[in-house]
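Colleague: Could you walk me through how to read strands, sheets and cores in a model like this one? I would like the general idea first, then the case at hand.

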Amino acid sequence: MKESILSISEKTFILSALSETRRLDGRKLDEFRPMKIHFGSDWGCCIVTLGQTKVIAQVSCEVQQPKPTRPNEGLLLLFVELSPMGAPHFEAGRQSDLAVQLNRLLEKCIKDSRCVDLESLCITAEEKVWAVRVDVNILNHEGNLVDAASLAALTALSHFRRPDVTTTGEQTIIHDPAERDPIPITLHHHPVCVSYAVFDKGNHVIADPTAIEERVSEGQIVFGVNAYRELCGLHLGGNAPITLEMVNKYATRAAKRALELVTQMKKALAEDLKNRISGIEVGFRDCIDSNNRLSLGKDNFQIQLFTPDFKKERAKRASNIDVKEEKINDVMDDSSEDDSEPVIVSVGKGSAELVNQKKQDMKLRRKRKLQNDEGGKEYDVDESSSSEESDNLDKESEDTRKNGEPMSDSEIQVVAEYKGTENKPNENKVIANIELSGDSEEEETVLLHGEDLKNGSTEKGRGRCPKEEKMEGDEPHSRGWYSKPTW
Amino acid sequence: MHITVGDVVLPGDLIGEQDELKKVVYGPGLRVHQNQIYAVTSGIFKKKPDANYYYVDTFHQKRYVPVRSEDVLGVVTNKSGDIFKVDIGSSEQASLSYLAFEGATKKNRPDIQVGDLVFAKLVVASRDMEPELVCVDSYGKKGKLGPLPEGGFVFSCSLNLVRKILKKDYPLFNVLGKDISYEISVGMNGKVWVKAATIPQTIAVCNAILAAEHKTKDEIDEMSKQILKMLAYC
């Protein structure tokens, strides 16, 4: 069956909603759907749900001959299948384009990043190795299959236990799981995929698109990141102009999300292990109960103004703070609500400032913009330099958190103090070494003092050519360290 | 009948034998085969209170089976020859002739593109033939049929929800209409088109319709109050 056609009205509605930074299901532009992990009763079997998208992964292993080019490494095989129960347009049999793309993305993220320790899967070099096979099946397609599939594959691999093996000189004995406990597979790191969809020539980027958002999108960005913020894979699809700055900006966000996912996965694994040890029944039974559609309390719809979590948060706030109706500032991308309560903020040692919350947010946003313009590099931005009065270079500035992610709250906290130099502030400091040709007689290289820059320049870090200073500094009280030219 | 009224039936269940003497009407979800009556859909086996009319009430069915003279909302997928091909969510695409519009002639064709929405009536809907639609009634007037105006949003919901909200005294539309002014078009194939003045209002109306699936008549008021409160924040 072919995929049902997307009407013009749906397309235009989603695009115009995005231009108002609104999504159909009430999420913010960079909000992800909640991810849930359920384990089966076998080792290496798990179901991952991302909203309505549902994916099952099963790991199995077999003894095989290794590849001749890599005789002491095991084999890792990854298969993603789009089961016809996932969507009406999924067909059994020949792999569609989407299936091929999914397979390749997962291979890039999990196999090419070499997260599985293949050498530990070797039994006898050149003869017998373990071939670990991961089968991922898409049970329901409601957008963002890559994320769900990658997490499912990774969780299944982490969950799986292979039989224990003992090799004597001639014989190889594979122990029954009842006889000897099976052993887990070693994973060096945990890479997951995080996807974004791009609209309107790169002006709107949303995280974790649903099926209909994917269909309307112009481009897709998929990052393969691990918990150590290392990029393991990158895929740019579609035909939207995606810039380097965009890739950097969303890569840092994806890294944050990957860390959350891996932490969640490890927690789920630990809980499952605990349950197994203590004898509690494990299996997919809980998975079915949680999807009870007939519950009258169902409050998560495909089309809604705000997500249930957001509504709960608002209800909590409304009950805590007894105020009149607050207006939510939904225009800013991911800022928290802007209450105009003034807040005392500490600025370095022994000084504090009474800052209007909104003003703080503006500063933060400007800072964020600065960071983003720098390509998301870690950047110690002197936050108060642009608006504050002091133009002393070696002042203590607030350090931002050591990452380029957006601040969650509008509190500025002094994490570390940046001291320009450990020495006295007025010491000689070479700001810029200006290379001059040796032939010139008129120009001399001189060392610049902090005083010169205080009097002369308005932007930090810009050295001045001594010739210029000579012109301006022809006053009787000028510095005596340089000699006037005599010719 | 071995299965009594009010039982849950599955496709293939044998209900009973056809009674030749009594005049019994077998409605949707039942089929007679060699004097035996079978259920062909899953649901509750019901009987109309004052008539000998039996049927199977299917809940949460999403796949539409075309029924003659129902009004449906479809998406135009193809323009070929003299007909439009329209996707109404059934197993086959329906055909809609160019001439089945008000004031249409061979020279004067309706201005409909691929991807447009049309509200049409089924005139042919049988198991063995492809469904046919028209956008004009037997007097040649369009009434409320025809292509839908631009804008708005269309979404799918289950068939029983659509039947529920189209009932005569269902308060949902009136309650929403007190605070939001909107245009709505509901197709019996589960497709609903909503257009309001702003995007949050449109989303609010869609949300209200989806939420009404699990609510009783009395809870509609409460539910729409909550949704309108959310809307006030936007």
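Colleague: Which residue is the bridge partner of A:Val192 in E13(A)?

Modeller: Strands of a sheet pair through backbone hydrogen bonds, either parallel or antiparallel. Here A:Val192 has A:Val225 as its bridge partner in E13(A). Eight bridges link strand E11 (residues 191-199) of chain A with strand E13 (residues 219-226) of chain A, in the antiparallel sense. Two strands count as paired if DSSP finds at least two bridges between them. Helices (H or I, at least four residues) and strands (E, at least two) are DSSP runs, numbered from the N terminus.

Before we go on: this is a predicted model, where local features need pLDDT of at least 70 and side-chain atom pairs count only at pLDDT 80 or more, while totals for chains, interfaces and linings use all residues. Residues are numbered from 1 along each chain as its sequence is written, chains are lettered from A and ligands numbered from 1 in the order in which they are written, and side-chain values use heavy atoms, with hydrogens and water left out.

Colleague: What is the strand order of the open sheet of four strands in chain A?

Modeller: The order is E12-E11-E13-E14, with antiparallel pairing. Strand E12 (204-207) and strand E14 (231-238) of chain A are at the edges, and each has a single partner strand, so one side of each is left without a neighbour in the sheet. On average, neighbouring strands of this sheet are turned by 20 degrees against each other, direction ignored. Helix H2 (residues 97-111) of chain A packs on the sheet and touches E11, E13 and E14 of chain A, with its direction at about 155 degrees to that of E14(A). For such angles, axes are lines fitted to C-alpha atoms, for helices over the stretch in contact, and angles run from 0 to 180 degrees between N-to-C directions. Contact means heavy atoms within 4.5 Å.

Colleague: Is strand E2 of chain A mostly covered or mostly uncovered?

Modeller: Buried means under 20% relative accessible area, exposed over 50%, and partly exposed in between (1.4 Å probe, protein chains only). Strand E2 (residues 45-50) of chain A is mostly covered, with six of its six residues buried. A:Cys45, A:Ile47 and A:Thr49 point one way, while A:Cys46, A:Val48 and A:Leu50 point the other way.

Colleague: Which strands pair with E2(A)?

Modeller: Strand E1 (residues 35-39) of chain A pairs with E2(A) in the antiparallel sense over five bridges, and A:His38 has A:Ile47 as its bridge partner. Strand E3 (residues 53-64) of chain A also runs antiparallel to E2(A), joined by six bridges. The hairpin of E2(A) and E3(A) has two residues between the strands, and A:Gly51 in the turn has a positive phi of about 70 degrees.

Colleague: What does A:Ile47 touch?

Modeller: Its contacts include A:His38, A:Val55, A:Leu139 and A:Phe284, not counting residues up to four places away in sequence. A:Ile47 is buried, with a relative accessible area of 7%.

Colleague: How many residues are in the largest nonpolar core?

Modeller: A nonpolar core is a set of buried Ala, Val, Leu, Ile, Met, Phe, Trp, Tyr and Cys residues joined through side-chain atoms within 4.5 Å. The largest has 69 residues, and A:Val116, A:Val136, A:Leu157, A:Tyr196 and A:Phe223 have the most contacts inside it. Helix H5 (residues 244-278) of chain A gives the largest share of this core, eleven residues. Another core, of 50 residues, lies apart from it, with B:Ile203 and B:Met223 among them.
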